[in-house]
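Subject: Structure for handover

Hello,

The structure is below, and my notes on it follow. Please look it over before reading on.

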Amino acid sequence: MAGKLLKATVPAVPTGAIVSYQGQDYIFLVADDAKNTDSSVTFEKIPVARGTSDIGYTEITLLNKKPGDAKVVVKGAFFILAKMTNTGEEE
């Protein structure tokens with residue numbers, strides 16, 4: 001027998017939810033902004049470390065603490081990044 005298969009539960013997102021920008025991997029969260037009274041949605045870019053990928057999902061480690069009920073953007077992350085980096089935003 002070759003050995004036992006180990007199973008572990010780890011934080012993971014669809015691989016397409018992770019974007020790379022300037023050498024760092026990120027996911028986007030839907031910002032919980034109670035002051036946002038119009039119909040627009042804002043996003044927060046969160047740095048992550050990639051882990052193992054399997055069947056379309058990639059393990060992530062959040063580099064900053066976020067609430068467990070945060071909503072992760074799973075589709076369109078590349079377009080959000082493009083919009084954020086194309087607006088000429090300054091720090």
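This is a predicted model: local features need pLDDT of at least 70, side-chain atom pairs count only at pLDDT 80 or more, and totals for chains, interfaces and linings use all residues. Residues are numbered from 1 along each chain as its sequence is written, and side-chain values use heavy atoms, with hydrogens and water left out.

Salt bridge

With a salt bridge defined as a side-chain nitrogen of Lys or Arg within 4 Å of a carboxyl oxygen of Asp or Glu, the count is one. The side chains of R50 and D25 form this bridge, at 3.0 Å from N to O. R50 is in strand β4 (residues 43-54) and D25 in strand β3 (residues 24-30), so the pair ties together parts 25 residues apart in sequence. Strands here are DSSP runs of E, at least two residues, numbered from the N terminus. R50 is partly exposed at 40% relative accessibility, while D25 is buried at 16%. Buried means under 20% relative accessible area, exposed over 50%, and partly exposed in between (1.4 Å probe, protein chains only).

Positive phi

Q22, in the loop between β2 (19-21) and β3, has a positive phi near 50 degrees. Q22 is exposed, with a relative accessible area of 70%. I55, in the loop between β4 and β5 (57-62), has a positive phi near 40 degrees and is exposed at 76%.

T58

T58 lies in strand β5 and is buried, with a relative accessible area of 0%. Its side chain makes a polar contact of 2.8 Å with that of T15. A polar contact is a pair of N or O atoms within 3.5 Å; within protein, one must be able to donate a hydrogen and the other to accept it, and residues adjacent in sequence count only if both atoms are side-chain atoms. Leaving out residues up to four places away in sequence, T58 touches P11, A12, V13, T15, I18, R50, G51, T52 and S53 (contact: heavy atoms within 4.5 Å).

Pocket linings

A pocket is an open set of points on a 1 Å grid over the protein atoms alone, where a 1.4 Å probe fits, with protein on both sides within 12 Å along at least five of seven lines; lining residues have an atom within 4 Å of a point. Residues lining the largest pocket include I55 and T58, and β4 and β5 each supply at least two of its lining residues. Among those lining the second largest pocket are P11, V13 and K66.

Regards

Terms used
Helix = DSSP H or I, 4+ residues; strand = E, 2+ residues; numbered from the N terminus.
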